[in-house]
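This briefing walks through the fold and then through selected residues, grouped by topic. Please read it alongside the sequence and the coordinates shown here.

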Amino acid sequence: MESSVEKNKPWKEQFASFLKEPTRQNLRELLQLEAVEDNDLEFKQKLLSFDVLAKHILAMANKNGGAIVFGVEEAKPNQFFPCGLSNILDITDIEKKLANYIPRKLEHKVIPNFYKGESHPEFKDKFFLTVIVNHNPRYVPFMALKSGKDLRKDIIY
């Protein structure tokens with residue numbers, strides 16, 4: 001049972017809780033708050049091309065880390081709606097493609113969240129993908145291993 005203290009947490013604290021434990025419940029709670037995008041949290045409606053995704057991951061790793069949540073639409077400025085992704089994606093395939101662009105020492109996780117049979121109607125049967133990027137100052141700066149359409153090799157983002 002969720003306490004009223006949890007519900008009344010500022011979104012930054014809820015975001016920190018989500019980064020520690022990126023569970024379906026914590027993601028749902030984060031999306032139900034009035035969270036805003038900033039340097040360490042981004043919402044995207046669709047999955048980005050792998051070079052663009054790598055660019056975002058590199059930038060977050062070089063700053064302070066963070067998360068990118070896919071399947072969230074920005075209805076109005078800083079008003080987000082959980083629309084879900086149209087396809088359930090193969091996480092192993094995503095990891096392999098990202099490995100072409102980002103260094104091994106850049107720690108990140110790709111986490112799928114499928115709300116099959118969810119009781120909350122805005123989440124029911126929707127699929128979300130979250131990329132959590134850890135900050136590791138020991139290896140900063142991180143640079144792209146390979147160029148892409150929107151990414152240049154050996155550039156700090």
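Setting aside its neighbours within four places in sequence, Asn113 is in contact with Pro22, Thr23, Arg24, Leu27, Lys126, Phe127, Phe128 and Thr130. The model is a predicted one, and within it Asn113 belongs to strand S5. With a relative accessible area of 4%, under the 20% cut-off, Asn113 counts as buried.

**The sheet**

- Four strands form an open sheet in the order S1-S2-S6-S5, and the pairing within it is mixed.
- Strand S1 (41–44) and strand S5 (108–114) are the edge strands, each of them pairing on one side only, and neighbouring strands of this sheet are turned by 15° against each other on average when direction is ignored.
- S1 runs parallel to strand S2 (residues 66–70), to which it is joined by four bridges, and in this pair Phe43 stands opposite Val69 of S2.
- S2 and S6 run antiparallel and are joined by five bridges, with Gly66 standing opposite Val133 in S6.
- S5 and S6 are likewise antiparallel, here with seven bridges between them, and Phe114 is found opposite Phe127 in S6.

**Strand S6 and its two faces**

- How many of the seven residues of S6 are buried? Seven of the seven are, so the strand is largely enclosed by the rest of the structure.
- In a regular strand the side chains alternate between the two faces of the sheet.
- In S6, Phe127, Leu129, Val131 and Val133 point one way while Phe128, Thr130 and Ile132 point the other way, and all of these residues are buried.

**Helix H4 in detail**

- Why can H4 be described as largely enclosed by the rest of the structure? The reason is that 11 of its 14 residues are buried.
- The buried residues of H4 are Phe50, Asp51, Val52, Leu53, Ala54, His56, Ile57, Leu58, Met60, Ala61 and Asn62, and the buried residues of this helix pack against S1, S2, H5 and S6.
- Just after H4, Gly65 takes a positive phi of about 85°.

- Asn26 is placed in helix H3 (residues 24–32) and is buried, with a relative accessible area of 12%.
- The side chain of Asn26 reaches the backbone oxygen of Glu21 at 2.8 Å.
- When neighbours within four places in sequence are left aside, Asn26 is in contact with Gln14, Ser17, Phe18 and Glu21.

**Backbone details to check**

- Val140 and Pro141 are joined by a cis peptide bond, for which omega is about 5°, and Pro141 lies in the segment after S6.
- Asp125, found in the loop between S5 and S6, has a phi near 60°, which is a positive value in a residue other than glycine.
- Is Asp125 buried or partly exposed? Its relative accessible area is 43%, so Asp125 counts as partly exposed.
- Asp154, which is placed in the segment after S6, has a positive phi of about 60° although it is not a glycine, and at 49% relative accessibility Asp154 counts as partly exposed.

Key:
Residues are numbered from 1 along each chain as its sequence is written. This is a predicted model: local features need pLDDT of at least 70, side-chain atom pairs count only at pLDDT 80 or more; totals for chains, interfaces and linings use all residues. Side-chain values use heavy atoms; hydrogens and water are left out. Two strands pair if DSSP finds at least two bridges between them. Axes are lines fitted to C-alpha atoms, for helices over the stretch in contact, and angles run from 0 to 180 degrees between N-to-C directions. Buried means under 20% relative accessible area, exposed over 50%, partly exposed in between (1.4 Å probe, protein chains only). Contact means heavy atoms within 4.5 Å. A polar contact is a pair of N or O atoms within 3.5 Å; within protein, one must be able to donate a hydrogen and the other to accept it, and residues adjacent in sequence count only if both atoms are side-chain atoms.
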